Amino acid sequence: MSSQRVVVVGGGVAGLSTAYFLRRRGAEVTVLESRRMGSAASAVNAGWLCPGQAGPLPEPGLAAYGVRSLLDRDSALYFAPSQLPRMASWLLRFARHCNERDNRAGTAALARLARRTFELTETMAADGVEFELHRRGLLVAAQERAAVESFRAGLEPLRDAGLAVPERVLSGAEVREREPTLAASVSAGLHVEQHWHVHPPTFMAGLSARLREMGVALEEGTEVTELVGADGRVRELRSTAGSFAADAVVLATGAWAPRLARQRGIRLPVQAGKGYSFEVGMARLPGHALLLLEPHVGVSPLGDRLRVGGTMEFSGINERLDQDRVDTIVRGAGRMLEGLESPQPENVWSGMRPIASDGLPIVDRAPRHHNLYLAAAYSMLGMTIAAPAGDALAELILTGRRPPELEPFSAARFARRRARARSAPGPT
């Protein structure tokens, strides 16, 4: 058992999951959160635990789709024109990863990490973390069969990691028989069995409560302003609530991670992709979580409400709500779900998804540092990978052994790519 003092900066699902596994290994843990524990994107997502469809955001054809989206306000992908100059370098690197080779490799890497998601979720539940959990699988639905066939083909790399891939495409009649709330416009679908979903607020509240019982200090309203140290070690964290000493520090601040990392000379190519979600009432809720392919909308039945989420907006770090984006999600869902033609959205939220230029998380010791660690860039897979990533990172921090499943998520990979680009021969 370790007696190391570890300070985790960030009280979202990444930070709290890492704190949980650190404490189970005996570390003395403090979590510093500028707001409330489990707020922001960790509370307002669809709650999906989806190892059976985990993949990086860059995929073949997405770069071209992004270019088209610049002229389409209704696109699920939106770039604020004012942000394009600032994002130019990141966008170029992102576009280079929109190919089949990188997407397959990234999907396989995420699958190897995420294959323990269900096991560790059940470990938390057995240990007294109380939350609402559904094990109903995911139905993927589309208006065009080709969209489903393409989606299914993208899941094939998961097979090598031991995850189940749907064997066949369902007809419209078959998918509607499984989920009668789908509209007649749905012509094809898939059933992804390895998919659970949680009610995010209950999960975050349950995890926070269990951490307090375990003796973890959860400090809310505490914004870290400075990482103080030298010779590759962070000795002290200065915050709005005073200073904290630490033997090890974990940065798990989501889209805000690059700001603190920059203080230590670390460049993280991470941008904030804003997502929107809201809740609606329905006379009859779907029995499954649903992925509606053409509008790029996900829905989860939670309690007596349906949580609906979608869009990827690059407009910088902000909490502004663009009603046009909300209306686009409503229209897209309404075309494919019965009873959503004129919904009245309740509890409209936005959340900042932290996305690296290759779409993969960064789970590692920070470059040129001995005791600073990163749990960053979980993209849209925070609920899925937070537990296995937190467990593996806790092992690295407390033993020095790097679990092999973390190798694709090295923090040094971006520097290596820049070095290769500089050394590549120029045009002849």
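Arg368 is exposed, with a relative accessibility of 61%, where exposed means over 50% relative accessible area, buried under 20% and partly exposed in between, computed with a 1.4 Å probe on protein chains only. Arg368 sits in the loop between strand E20 (362-365) and strand E21 (372-376), and its phi is near 65°, a positive value in a residue other than glycine. Helices (H or I, at least four residues) and strands (E, at least two) are DSSP runs numbered from the N terminus. This is a predicted model, in which local features need pLDDT of at least 70 and side-chain atom pairs count only at pLDDT 80 or more, while totals for chains, interfaces and linings use all residues. Residues are numbered from 1 along each chain as its sequence is written, and side-chain values use heavy atoms, with hydrogens and water left out.

**Backbone in the loops**

- Ala40 also has a positive phi, near 60°, in a residue other than glycine, and it is placed in the loop between strand E2 (28-32) and helix H2 (41-44).
- Ala40 counts as partly exposed, at 37% relative accessibility.
- Gly26, which follows helix H1, has a positive phi near 100°.

**Helix H1**

- Helix H1 (residues 13-24) has 12 residues and spans 16 Å from its first C-alpha to its last, close to the 16 Å expected at 1.5 Å a residue, the expected span being 1.5 Å times one less than the number of residues.
- Because 10 of the 12 residues of H1 are buried, this helix is largely enclosed by the rest of the structure; among the buried residues are Val13, Gly15, Leu16, Ser17, Ala19 and Leu22.
- Ser17, found in helix H1, is buried with a relative accessible area of 1%.
- Leaving aside neighbours within four places in sequence, Ser17 is in contact (heavy atoms within 4.5 Å) with Met124, Leu207, Ala386 and Ala387.

**Nonpolar cores**

- A nonpolar core is a set of buried Ala, Val, Leu, Ile, Met, Phe, Trp, Tyr and Cys residues joined through side-chain atoms within 4.5 Å.
- The largest such core has 76 residues, and the members that touch the most others are Val8, Leu22, Val31, Phe203, Leu211, Val250 and Ile397.
- Helix H12 (residues 382-399) gives the most to this core, contributing 11 residues.
- A second, separate core is made of 26 residues, including Leu237, Val270, Ala366 and Leu374.
- Val8 is in contact, beyond its neighbours within four places in sequence, with residues that include Gly15, Ala19, Leu22, Val31, Val250 and Ala252.

**Aromatic pairs**

- The structure holds six aromatic pairs, where rings of Phe, Tyr and Trp (its six-membered ring) pair if their centres lie within 6.5 Å, and planes under 30 degrees apart count as stacked, over 60 as edge-to-face and the rest as tilted.
- The rings of Trp90 and Phe314 have centres 5.5 Å apart and planes at 50°, so this pair is tilted.
- This pair links distant parts of the chain, since Trp90 lies in helix H4 (residues 84-96) and Phe314 in strand E18 (residues 305-314), 224 residues apart.
- Trp90 is buried at 3% relative accessibility, and Phe314 is buried at 3%.
- Phe118 and Trp196 form a stacked pair, with 4.0 Å from centre to centre and 15° between the planes.
- Phe118 belongs to helix H6 (residues 117-126) and Trp196 to strand E9 (residues 196-198), so the pair ties together parts that are 78 residues apart in sequence.
- Phe118 is buried at 17% relative accessible area, and Trp196 is buried at 10%.
- Arg135 lies over the face of Trp196, at 4.7 Å from the ring centre; a charge sits over a ring if NZ of Lys or CZ of Arg is within 6 Å of the ring centre and within 35 degrees of the ring normal.
- Ring pairs also link Phe79, Trp90, Phe94 and Phe314 into a cluster.

**Surroundings of Trp90**

- Trp90 and Pro269 are 179 residues apart in sequence, yet 6.6 Å apart in space, C-alpha to C-alpha.
- Leaving aside neighbours within four places in sequence, Trp90 is in contact with Pro269, Val270, Gln271, Phe314, Ile355, Ala356 and Ser357.

**Cysteines**

- A search of the whole structure finds zero disulfides, a disulfide being a pair of cysteine sulfur atoms within 2.5 Å.
- The sulfur of Cys50 is 19 Å from the closest cysteine sulfur, in Cys98, which is too far for a bond.
- Cys50 is buried at 4% relative accessible area, and Cys98 counts as buried at 13% relative accessibility.
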